[in-house]
Amino acid sequence: MKALEGVKVLDFTHVQSGPTCTQLLAWFGADVLKVERPGEGDATRKQLIDVPGADSLYFTMLNHNKRSIELNSKNETGKEVLTRLIQECDVLVENFAPGALDRMGFTWERIQEINPRIILASIKGFGPGKYEDCKVYENIAQCAGGSASTTGFRDGPPLVTGAQIGDSGTGLHLCLGIVTALFQREKSGRGQKVSAAMQDSVLNLARVKLRDQQRLAHGPLREYSQFGEGIPFGEATPRAGNDSGGGQPGRILRCKGWEQDPNAYTYFIIQAAIWEKVCDVIGEPDWKTAPGFGKPGERLDKLNLIFERIEQWTMSKTKFEVMDTCNPHDIPVGPILSMKEISEDEGLYATGTLVRVDHPERGEYITVGCPVKLSDSPAVVKRSPLLGEHTAEILADVLGYSPADIERVIASGAVGTPKAAAVK
Ligand code: CAO
């Protein structure tokens with residue numbers, strides 16, 4: 001039995017943020033019914049196309065284990081079908097632009113009238129306030145949530161990160177809100193509205209930088225490189241390059257081959273507890289007790305000098321040799337792995353973090369499996385649905401429509417032309 005078996009999710013999501021949330025629910029065992037516009041579907045199906053005629057990786061990698069129903073929710077019969085779906089489902093998830101669901105005629109009040117037990121889960125760019133009506137994409141959220149202003153180097157512009165903390169990060173937050181609301185419903189019998197704003201989710205992930213903002217009032221941030229460089233701090237948390245965030249100084253350092261390989265680097269942390277081992281490994285045993293080096297606080301104004309010396313050592317080794325040498329001493333280091341190296345790491349396939357999936361239109365591709373492992377509910381990754389692949393099946397099995405009803409719905413134009421049979 002899967003953890004969320006029996007939970008039906010009306011998946012009204014598109015692009016990335018919402019689909020990441022419903023994909024997780026599907027991996028945990030929920031029956032996720034993805035509602036898509038007839039003939040068009042989620043816009044990502046046709047974005048960043050690599051194999052002509054096939055759903056894009058953008059779409060497939062965000063929509064595993066779901067069923068797809070084509071439905072025009074602005075058509076009268078389409079509204080009837082949507083109403084029936086709301087009656088049958090436990091959760092409705094959506095990430096339309098602000099007000100879009102209301103404009104379709106499905107306000108929170110109306111949804112509760114239809115099914116008082118349903119949980120309505122929504123992602124918007126901003127929470128209530130002056131920006132609540134804005135449309136938002138990933139990088140806007142990274143900027144508005146405080147991440148971009150604190151990412152990058154002090155003398156360069158703000159930077160966005162490659163990790164999709166605005167979209168996938170908000171999807172994760174929403175997913176937690178949904179299962180929490182399902183848990184509460186067990187006791188209360190009632191559904192509720194679950195909201196996650198992308199700005200809020202990014203800020204939650206960037207909370208250590210708000211911590212540093214407040215520390216500024218009490219003096220310089222001594223673990224930031226700029227402290228050792230004698231550069232005064234301004235009014236706001238600065239960009240800290242690759243400095244380690246906490247009280248354990250760290251840097252990205254060059255390794256053997258860095259001249260040709262853009263990823264021949266390692267992250268190296270001089271945790272206080274293993275300082276003496278670092279000194280031995282890099283060949284500076286005197287630094288264990290030398291004045292100004294022996295105590296963690298004393299080293300903070302010498303981080304450039306210390307890391308330059310460590311880098312002389314890391315440049316004599318590959319990033320994997322650095323790891324092999326340091327790990328036995330408990331020195332925290334990590335190679336900078338390229339996506340190519342990650343996609344070739346058989347260990348990640350063995351744990352199900354990477355999965356090879358077969359797809360009828362595009363053949364085999366690699367995807368990221370469920371990153372959270374439940375011992376009693378292991379996730380099995382199944383390919384994403386083709387557009388409208390399960391329209392007839394959902395009308396019949398979930399809604400109990402008779403063949404005559406289904407004919408009527410098709411004739412109304414509400415669901416496009418259902419596929420004759422599911423493609424295996
Ligand atoms: N049948 C009929 N109409 C449908 C439909 C369906 N099955 N599915 C969607 N629509 C309609 C919507 O009702 C909306 O119509 P109105 O404008 O008349 O209300 C229309 O399609 C467009 O929806 P949208 O405004 O949500 O889509 P968009 O492409 O213009 O904007 C986005 C996309 C992401 C900017 C916006 O949805 C948004 O801000 N969402 C919230 C934040 C978010 O999740 N952002 C992350 C996106 S991933 O980077």
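1. Basis of the note. Residue numbers start from 1 along each chain, following the sequence as it is written. Because the model is predicted, local features need pLDDT of at least 70 and side-chain atom pairs count only at pLDDT 80 or more, whereas totals for chains, interfaces and linings use all residues.

2. Domains. The protein chain is split into domain 1, which covers 8-205 + 346-411, and domain 2, which covers 242-331; these bounds come from an automatic or database domain assignment. Between the C-alpha centres of domain 1 and domain 2 there are 43 Å.

3. Ligand shell. The ligand is surrounded by 24 residues, and the closest are Val15, Asn95, Phe96, Ala97 and Lys135; a residue is near a molecule or strand if its C-beta atom, placed from the backbone, lies within 6 Å of it. At least two shell residues each are supplied by α1 (17-27), α4 (100-103) and β5 (119-124), where helices (H or I, at least four residues) and strands (E, at least two) are DSSP runs numbered from the N terminus.

4. Six-stranded sheet. An open sheet of six strands runs in the order β3-β2-β1-β4-β5-β6 with parallel pairing, two strands being paired if DSSP finds at least two bridges between them. The edges are formed by β3 (66-70) and β6 (193-197), each of which has a single partner strand, so one side of each is left without a neighbour in the sheet. On average, and with direction ignored, neighbouring strands of this sheet are turned by 20° against each other; angles run from 0 to 180 degrees between N-to-C directions, and axes are lines fitted to C-alpha atoms, for helices over the stretch in contact. Five bridges link β5 and β6 in the parallel sense, and Leu120 stands opposite Lys193 in β6.

5. Helices on that sheet. Helix α7 packs on the sheet and touches β4 (91-94), β5 and β6, with its direction at about 165° to that of β5; two residues are in contact if their C-beta atoms, placed from the backbone, lie within 7 Å. Helix α17 (residues 391-398) lies across β2 (31-36) and β3 and runs at about 100° to β3.

6. The α7 and α8 pair. The axes of helix α7 (residues 167-188) and helix α8 (residues 198-205) come within 9 Å and cross at roughly 95°. The two helices α7 and α8 are therefore roughly perpendicular to each other, a term that covers 65 to 115 degrees. Gly169, Thr170 and His173 of α7 meet Met198, Ser201, Val202 and Leu205 of α8 in this contact, whose residues divide into three nonpolar, four polar and no charged.

7. Three-stranded sheet. A further open sheet, of three strands, has the order β7-β8-β9 and antiparallel pairing. Here β7 (250-254) and β9 (333-335) stand at the edges with a single partner strand each, so one side of each is left without a neighbour in the sheet. Strand β8 (residues 265-269) is joined to β9 by three bridges, and Tyr267 has Gly334 as its bridge partner in β9. Helix α14 (residues 319-326) lies across β8 and β9, at about 155° to β9.

Methods
Parallel < 35°, antiparallel > 145°, perpendicular 65-115°, else oblique. Nonpolar A, V, L, I, M, F, W, Y, C, P; charged D, E, K, R; others polar.
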